Amino acid sequence: MKLPTIISTLSALLTISLISWSTPTSAMPTHLHPDKTSNTPQTRTLGGILICNGPNASQMCVYNVYAMETCYNLPEQFFRNTNTFALDEGEWYCYPYILNPMGQLNSMTCGEICTSPEGCTLGGVSSQYEHKFNLSAVRWNRYISSFECHLGVAPSLP
């Protein structure tokens, strides 16, 4: 085969691959973009959150940009199994929600009313939260089931 024919064939295959490749439309993508694995502070995107099963951005991870004032339920692979909940820098924060009521299999999903006497959130978590790469330090790795984000400065955590 001649070089121009090989280049033309490769170009056609690449075009077909790009056209047929669909972009994720759900709130949580199934793959993590390689440049989102670093836990070093850097400015990324308002609403961008790295969510991983393991501490320090390990094990299965996803990164996505979420709308403010919208509640998101964690998908099954992260439901009550999230150690990294790292927000991109910026003046915004999220409320991670806990099981409702405490210790039962039902979760505090979007739209439910909190009935736990202890409360249903860890509090406002921002990019400055010291345990964002290790929620197990405050035992929230096994409770988080949903979250909602807001513009502004995070209220103080206990």
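Student: How many helices and strands does the protein chain have?

Tutor: In this predicted model, the secondary structure of the protein chain comes to 1 helix and 6 strands. Read from the N terminus on, the elements run α-β-β-β-β-β-β.

Student: How should I understand a sheet, and which order do the strands have in the open sheet here?

Tutor: In general, strands of a sheet pair through backbone hydrogen bonds, and the pairing is either parallel or antiparallel. In this structure, an open sheet of 3 strands has the order β2-β1-β4, and its pairing is antiparallel.

Student: Which are the edge strands?

Tutor: An edge strand pairs on one side only; here this applies to β2 (58–65) and β4 (84–87). Neighbouring strands of this sheet are turned by 15° against each other on average, with direction ignored.

Student: How many bridges join strand β1 to β2?

Tutor: Strand β1, residues 48–54, is joined to β2 by 6 bridges, and the two run antiparallel.

Student: What share of the residues of the protein chain count as buried?

Tutor: A residue counts as buried if its relative accessible area is under 20%. By that cut-off, 39% of the 158 residues of the protein chain are buried. The protein chain exposes about 9,300 Å², of which carbon and sulfur atoms supply 57%.

Student: What do the contacts tell us about separation in sequence?

Tutor: Consider contacts in the protein chain between residues at least 6 apart in sequence: 71% of these join residues at least 24 apart.

Definitions and conventions
Residues numbered from 1 in each chain as written. Predicted model: local features only at pLDDT ≥ 70, side-chain atom pairs only at ≥ 80, totals over all residues. Heavy atoms only, no water. Helix = DSSP H or I, 4+ residues; strand = E, 2+ residues; numbered from the N terminus. Buried < 20%, exposed > 50% of the residue type's maximum accessible area, 1.4 Å probe, protein only. Contact = heavy atoms within 4.5 Å. Areas by Shrake-Rupley, 256 points an atom, 1.4 Å probe, with all protein chains shown as cover. Pairing = 2+ DSSP bridges. Axes fitted to C-alpha atoms, helices over the stretch in contact; angles between N-to-C directions.
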